[in-house]
Amino acid sequence: MNTTHVGQRTEQAAIEAINLCKSFRTPVVAGGKFAGVRSLFSREYKVKEAVQDIGFTVKSGEFVGYIGPNGAGKSTTIKMLTGILHPSSGSVRLAGVDPHTDRRRCASKIGVVFGQRSQLWWDLPVKDSYDILAHMYGVSDKDKNRRLDEFAGLLDLNEFWDTPVRKLSLGQRMRADIAAAMLHDPELLFLDEPTIGLDVNAKRNIRGFLKVLNEQFGKTILLTTHDMDDIEQLCRRVMVIGGGRLTFDGTTEELRRKIGLPTQIKVTYRDGYRLPEERLLSIHVVELGEHTLTVGVNRQKTRTMDILRELGHWGEIDDVEMHEPDFEEIIRQVYM
Ligand SMILES: Nc1ncnc2c1ncn2[C@@H]1O[C@H](COP(=O)(O)OP(=O)(O)OP(=O)(O)O)[C@@H](O)[C@H]1O
C-alpha cells in the first residue's frame, strides 16, 4: 500500500490503482441470415483490452483530470475505481479500503457522478430523492438539511426543489446530481463528464462548485472530461489515457512543456523590419505584416531575452505580444 510518512504521521493515499487491467469478451457476430440469433450460441469471442496495467496514486486533497480520446478507457477505469466493475487483474484502494471487497465502507467514502446517467429518481421531486439517499446512507435530518442549505446557495437548488427530475434541464439535473453525490459528505468525488452538453453558464456554475468542494471542503476529486477548459480551470494534475494505457501523468504545466508547442511572439516594429539572411536562433516566421512580425519559438529551448535581443536586430521594436499555445491544441497533440 502506498503511504507517505510525514514526521510521526502516516498519510494514506486517497486513491491507489495498482496494475489495473480490464478486458471485455464479446461474442463475434457472424454475417448472413439470422446472424443475431446465431451469435447467441457462438463460441467465438473477441477480447477488448479496455484498460491495461494502469497504476497511479492520488493524494488527499488533489484535483486530478483524467483525459483521453473516445474509447480510451476512462469510464472503465472510473467504474473499476468505484467498485462498479471488477478488474480483470490488479487492485484498487480508496483511503486504504478495497471497493470490491468492502463495498459498504467504501460507499460512505465516495461520491460518484456520471454525466450521462442520473442517480436520482426520475418521477420524484428532487427533494424526495435527497430524502431517500439520506436514508440509504444513514445521514441524519440535521446533517442533510445543513448540507443541502450549503449546496442550495452554491448550486441554486431552490429553483427546482419541488420539480420531478424528468422535468429538469440538463444543467439543473447535473447540479442536482452533484449535490446528491455529496449528501453523505464523502471525502472522494469521482466525476465522469459532468459538464457534457452544458451551456457556458451551466459549466461555470458546476466548475465553481467543484472548486469550492476541493479548495474549501478539502475533497479529493478525479474528473474525466473532454472539455479542456474544465482541466485548465480546475486541475493542477492531469493523467492522459490512450488505448487503455496511461501515457502521461503530471502537471498541466509539464504537459505543455512535454509537447513543446511553440510560443507565438508578435512584434510590432516602429519603422518596419528587415529579415536577416541567417538567423542565429531557431526562430520560425509565422506571419509577415508591414510593421508586424509573428514568430514561433520553443521557449523551453531558447530564453525569451535571447529571442527578443535577436528580434531587436531586425528593426526597432515598438511592442511585443506573447501567446502561449492553447490548451486544446496541446491535448490534440497528446491524443494524436
Ligand atoms: N461492457 C463492455 N463490453 C465490451 N466492450 C466495452 C464495454 N465497456 C467498454 N468497452 C470498450 O472498452 C473501450 C473503453 O471504453 P470506455 O467507455 O472506458 O472509454 P472512454 O475513454 O470512457 O470513452 P468515451 O470518451 O467515449 O466515453 C472501448 O473500446 C469500449 O468499446
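Domain bounds here come from an automatic or database domain assignment. For this chain, the assignment gives domain 1 (3-256) and domain 2 (261-335). The model you are looking at is predicted, so to speak of local features a pLDDT of at least 70 is needed, side-chain atom pairs count only at pLDDT 80 or more, and totals for chains, interfaces and linings use all residues. Residues are numbered from 1 along each chain as its sequence is written.

Let's start with how the two domains meet. Their centres, taken over C-alpha atoms, are separated by 42 Å. The contact draws 10 residues from domain 1 and 7 residues from domain 2; two residues are in contact if their C-beta atoms, placed from the backbone, lie within 7 Å. On the side of domain 1 that touches domain 2, the elements giving two or more residues are helix 8 (228-234), strand 10 (237-242) and helix 9 (252-259). Helices (H or I, at least four residues) and strands (E, at least two) are DSSP runs, numbered from the N terminus. Helix 8 gives the most to this side, with 3 residues. By class, this side of domain 1 has 7 nonpolar, 1 polar and 2 charged residues. Ala, Val, Leu, Ile, Met, Phe, Trp, Tyr, Cys and Pro count as nonpolar, Asp, Glu, Lys and Arg as charged, and the others, Gly among them, as polar.

Strand 10 and strand 11 run antiparallel and are joined by 6 bridges, and R237 stands opposite T251 in strand 11.

Finally, turn to the ligand. Around it you will find F24, T26, K48, A50, G68, N70, G71, A72, G73, K74, S75 and T76, a residue being near a molecule if its C-beta atom, placed from the backbone, lies within 6 Å of it. Strand 3 (15-27), strand 4 (45-58) and helix 2 (74-81) each give two or more residues to this shell. Helix 2 supplies the largest share, 3 residues.

How values were computed
Pairing = 2+ DSSP bridges.
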